Amino acid sequence: MRKNYSVTPLNESAALVSFGNVIDEAVNQKVISLHKFLAYKPFKGFVESAPAYSSLAVFYNPIEAIQSDTKIKSSFDFVKNYLENALTNLPQAEELKENQVIGIPVLYDGEDLQFVANLHQLTLDEVIAIHTSKTYRVFMVGFLPGFPYMGTVDERVATPRKNSPRTSVPAGSVGIAGYQTGIYPQTSPGGWQLIGRTPFKIFDKEKSSPCLLNPGDSIRFYAVGKKDFETLNEY
Amino acid sequence: MSIEVIKPGLLSNLVASGRAGFRYLGVGPCGAMDSFAMKTSNYLVGNNGDATTLEMNFPAPELLFQEDQFVSLTGRGFQVYINENTFSSGKPLLVKKGEVMRFEKVEAGSRAYLAVHGGWKAQEWLGSFTTHLGVKAGGYMGRVLQKGDVLQTNGLFQQINETKALSWGISKNELDKIYFPSNEIRIISCVETDLLSKESKESLLTVEFRITGQSNRMGFRLEGKKLVLNESIELISSPVDFGTIQLLPDGNLIILMADHQTTGGYPRVASVIKPDLPKLAQMSPNDKINFRLISLDEAEGEFQLREKLLTELKQACLTQYKNYFKV
């Protein structure tokens, strides 16, 4: 099999497995499969791994990692070897697994909804119909604790980030940035085009699993009115 | 009751070993900016290196001891005042009930760590006691200290006769290994180093960079020469770490610090080696940095040396502690 990835040091206690600079479901599935494999079969010294769109950072203790193989002189070489072997042996079935789709209610009243509609010469209802028409993949969770990067968005509503970010975006806001769509887990500064808000708390620090959405999940947005929003409101 | 915060100081917060295992949810480790100082402060009072300590900056807090305590202060730049008596950092201190402890800046440095025998009581969040200021979780109610807060300790301590410093400590010789030469920060190549132009690669290693005022627990912004890539590139988000040096769109560098985001989209042009992060963490705005490039093999060697030094210090402190208190 052709090697379609690279393993390079992020620093002396982390290796980065990269499958290129792409947003692609099959590539992302590989990243998440490797992430899950490492949790299931960690090497000695493994600390944790962090998946992104097309790369996985693997954090380790270089002293423990080297102790398990006396023939290898460098901890990084040991980890690289382990990751290359793991990638050769990753179960292919995992890549085909269909996720259960998580429904996310949205009240489409965002401050930038009109801007998105104008940019694409659509009505508000058309923007909503297009945004709710697709099942999205959670490619990664990053930036802020619990912020899901999802996609890909239909090009008829794909919209670049705002030129100057807002200083405060309320928690639960649903936004678009290019071909990505996301939900703000906490109130924070942000530059995504806001099209609505969900009444669901997608991040709750009081829960033992604080995030509603995990890397690799499938989600679908559905439109709700003001009354349903209030009934469902978890904030 | 243990100690009461009379003056909160700037950004005083409880830190412990970082949170591991939640980067995949966007939750980074956080933890101490200067982990060497945190660990050694704990060793001095007979703790494990990862017990919760109080991280302090300037302006520093003022603390009223409501009980006899066995504490220690490490880090750079701080001197302890109890009444009119001064105590240098790096030695364990017995402090009587009713004493007020304050701190003054006496040398270069910006952070100190106050450890107490048994560790400070803190709230646990996702397996760690360290404060996550962004999420407002862990540590002391997930926030920096305020006037009137009362910090409790996990351990009980025997009664003591007088406030005094004990004989053992971290020697200047050991500290120099960590914090000198003070402007030199060692780096290794990172994922996007080769995207830098040839000239910028040279500049990174020859130009003196200055830490700007826009620096905090999340990152230190630098100013020096502006660096450029061979060609402009739009990177999709990818993981970063404490010590990752990113090239911002305006050509300046940022070094990610303890409270960094888990992912980023800027080119990662170098990584500060882990053993030099404590030195970096003690720098302040306007301090100058010269980067020195070393190989990955050398970095792994330095990492091992640092762990060895910490193990030795831990053993030495523990022996002294046991001898003194006859435990």
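**Briefing on a predicted two-chain model**

Setting aside neighbours within four places in sequence, A:Val58 is in contact with A:Ala14, A:Ala15, A:Val17, A:Leu38, A:Ser49, A:Val79 and A:Leu83. The model is predicted. A:Val58 is also among the residues with the most contacts inside the largest nonpolar core, together with A:Ala15, A:Val79 and B:Ile255. That core has 139 residues.

**Contact between the chains**

- Chain A contributes 38 residues to the contact between the chains, and chain B contributes 34 residues.
- On the side of chain A that touches chain B, at least two residues come from each of the strands β1 (6-11), β2 (14-18), β3 (46-51), β4 (55-60) and β6 (136-141) of chain A.
- The helices α2 (62-67) and α3 (75-89) of chain A likewise each supply at least two residues of that side.
- By class, the side of chain A that touches chain B comprises 24 nonpolar, eleven polar and three charged residues.

**Domains of chain B**

- Chain B is assigned two domains, with domain 1 covering 3-169 and domain 2 covering 184-294.
- The centres of domain 1 of chain B and domain 2 of chain B, taken over C-alpha atoms, are 29 Å apart.
- Contact between these domains involves 17 residues of domain 1 of chain B and twelve residues of domain 2 of chain B.
- The side of domain 1 of chain B that touches domain 2 of chain B consists of six nonpolar, seven polar and four charged residues.

**Strand pairing in chain B**

- Strand β5 (residues 69-75) of chain B pairs with strand β8 (residues 92-95) of chain B in the antiparallel sense, over four bridges.
- Within this pairing, B:Phe70 has B:Leu94 of β8(B) as its bridge partner.
- Strand β8(B) is also joined by two bridges to strand β12 (residues 164-165) of chain B, and these strands run antiparallel.
- B:Leu94 has B:Lys164 as its bridge partner in β12(B).

**B:Lys314**

- Helix α5 (residues 296-325) of chain B contains B:Lys314.
- B:Lys314 counts as partly exposed because 17 other C-beta atoms lie within 10 Å, whereas a buried residue would have 20 or more and an exposed one 12 or fewer.
- Apart from neighbours within four places in sequence, B:Lys314 is in contact with B:Tyr43 and B:Gly49.
- B:Lys314 and B:Asn154 are separated by 160 residues in sequence and by 20 Å in space, C-alpha to C-alpha.

Terms used:
Residues numbered from 1 in each chain as written. Chains lettered and ligands numbered in written order. Predicted model: local features only at pLDDT ≥ 70, side-chain atom pairs only at ≥ 80, totals over all residues. Domains from an automatic or database assignment. Contact = placed C-beta atoms within 7 Å. Nonpolar A, V, L, I, M, F, W, Y, C, P; charged D, E, K, R; others polar. Pairing = 2+ DSSP bridges. Core = buried A, V, L, I, M, F, W, Y, C linked by C-beta atoms within 7 Å.
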